[in-house]
Amino acid sequence: VQMPDESAATQEPSKDMNQFVGLVAILSACCSSGFAGVYFEKILKGTKQSVWLRNVELGMFSFVLGLGGVFANDGKTVMEDGFFQNYNNVTWLVISLYAFGGLIVAAVIKYADNILKTFANAISILLTGMLSFLIFTDFHLT
């Protein structure tokens, strides 16, 4: 969450901004997300293997790519101080929540479908926005 900057409302849009490029980027992200969801559903429902095994198989790709990115960007620091430097309880909590959330998504797709998952995501975004508005009261409708 980013807090609104008081000076941001008075600034002119940058000349580097291009609305068409932004629209194409958002549409591309939406389409690729939709295709990925449908493919993930096909992978889960197309075989008799368990959700756990499928999660491990699909997670290995992320693991390899993520580890490559870590060593490409911070390889020297990781080699000197270790991979888990500066991890605290909050970091482990966030990691656990993401892992648990991934298992829930896999279970929903295995036993329901991608459309239901998309509706659940949309409802969670709306509820989070409304709760943020009610709790933080930093947004004023105009």
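Which residues of α2 are buried? They are Val51, Arg54, Gly75 and Val78. Buried means under 20% relative accessible area, with a 1.4 Å probe and protein chains only. Helices here are DSSP runs of H or I, at least four residues, numbered from the N terminus.

Some ground rules. This is a predicted model: local features need pLDDT of at least 70, side-chain atom pairs count only at pLDDT 80 or more, and totals for chains, interfaces and linings use all residues. Residues are numbered from 1 along each chain as its sequence is written, and side-chain values use heavy atoms, without hydrogens or water.

What covers those buried residues of α2? The cover includes α1 and α3. Take Val51. Beyond its neighbours within four places in sequence, Val51 is in contact (heavy atoms within 4.5 Å) with Ala106, Ala107 and Lys110.

Val51 also sits in the largest nonpolar core, with Phe40, Leu44, Ala106 and Ile109. Such a core is a set of buried Ala, Val, Leu, Ile, Met, Phe, Trp, Tyr and Cys residues joined through side-chain atoms within 4.5 Å.

Now the shape of α2. α2 bends by about 95° at Asp74. That bend is the angle between axes fitted to the seven residues ending there and the seven starting there. After α2 comes Gly82, with a positive phi near 95°.

Last, α4. Thr137 follows α4, and its phi is positive, near 45°.

Methods: Buried < 20%, exposed > 50% of the residue type's maximum accessible area, 1.4 Å probe, protein only. Helix = DSSP H or I, 4+ residues; strand = E, 2+ residues; numbered from the N terminus.
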